[in-house]
Amino acid sequence: MPSAVEIDSARAYCSNLIRNYDSPSFTLQTFIPPSSRDAYLAIRAFNIDVARVADTTSTPTIGMMRMQFWRDTVSKALAGFPPKEPAAVLLAKAAEDLHDRTDGKSRFSKNWFFRVINTREQYLTNPPYPDLASLESYAENTYSTLLYLTLSSLPLASVTADHLASHIGKATGIAAVLRGLPLVAFPPPPAFGTSNSSAGSLGGSSRQGSVLLPLDVMAEAGVKEEDILRQGSSAEGLRDAVFAVATRANDHLITAREMLSNLRSGSDIGHDFEHQDNEERQYSSQQLNAGSTMQSDDVERAFGVLMPAVATQAWLDRLQKVDFDVFSPTLRTTDWKLPWKAYWAFSRRKLLNMTRKKQVG
């Protein structure tokens, strides 16, 4: 294992990386239990580093080589032999801590890390999303998976918590694609210095520009990619398309809030978890048959991990205020109210902010 000095240096590096490229996650780390903080920082730094592959490589072939590097790096880190990569060093420390805290009963799923890598690799060249379901699948395999990994660091294996994390991750991932649309459509010069994670972009390094809106949504709104690349925010039908995608993200947040409300009232949460039988999950029979009290206890333990719902809702609210003009510069500024909104939501165990008056869509 790395020395204490190396671990401290890796922790500082990861924290600074998240501050610069994923400021909402930097703010929300406050709500993660201290025992899982290193895991949180390592997982989020890993996500940024993998997302930046598209911006820091000049060709898809080199990008694929870099993705393979990250597969090897994760494998070595989880085996206790991390390369001199800050995220890997901190991940190895977090994995060792999790092993010690649980007497070897809990561990991180390497397959979940690989799922994030494989999914981002598929989008190195900005292929279009055929439909909204494809975008949802992308968000599930990236942002929802990051939440699953963070929950496993608590450790917590809960059908209910994972179900909530799935919807919140999908909402966050969809919103991230919208947030990054301007930079993917009008990419900066190839200085390879702008992280698509910081802007929320989940696309690749194509310098010709791409529009990462689902093709079925664009067709229904009557907007064409060439019109967006030529006219920007004034392209006819663009705001309607953005509205449709934002509504789907908001729908996932509404579902999460309804699930939470049903659970607290002692009712059934509403619908089954569609990813419950994925091979990475190993629920006990007690978990699979958990009553409302146990489910509520699980959500209470998991609530800090679910806080991205607050940041995502806040950004969707800002998008609504600018009439779904995704090119508005105000959408790419730091939300200075987020710490207060997050504190209010966490202290009341709510997945929305206090000032919200109406739903997107």
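**Close-up 1. Helices H5 and H6.** In this predicted model, the axes of helix H5 (residues 60–78) and helix H6 (residues 86–101) come within 8 Å and cross at roughly 35 degrees, where axes are lines fitted to C-alpha atoms, for helices over the stretch in contact, and angles run from 0 to 180 degrees between N-to-C directions. Helices are DSSP runs (H or I, at least four residues) numbered from the N terminus. Contact here means heavy atoms within 4.5 Å, and by that criterion Trp70, Thr73, Ala77 and Leu78 of H5 meet Ala87, Ala88, Leu91, Ala92 and Ala95 of H6.

**Close-up 2. Helices H8 and H12.** Helix H8 (residues 132–152) packs with helix H12 (residues 238–264) at an angle of about 50 degrees, their axes being 11 Å apart. That angle makes H8 oblique to H12 (under 35 degrees counts as roughly parallel, over 145 as roughly antiparallel, 65 to 115 as roughly perpendicular and the rest as oblique). From H8, Leu132, Leu135 and Glu136 meet Val245, Arg248 and His252 of H12.

**Close-up 3. Domain 1 and domain 2.** The domain assignment gives domain 1 (1–125) and domain 2 (126–187 + 210–274 + 290–353), with bounds that come from an automatic or database assignment. Their centres, taken over C-alpha atoms, are separated by 22 Å, and the contact takes 29 residues from domain 1 and 30 residues from domain 2.

**Notes.** Residues are numbered from 1 along each chain as its sequence is written, and side-chain values use heavy atoms, with hydrogens and water left out. Because the model is predicted, local features need pLDDT of at least 70 and side-chain atom pairs count only at pLDDT 80 or more, whereas totals for chains, interfaces and linings use all residues.

Terms used:
Helix = DSSP H or I, 4+ residues; strand = E, 2+ residues; numbered from the N terminus.
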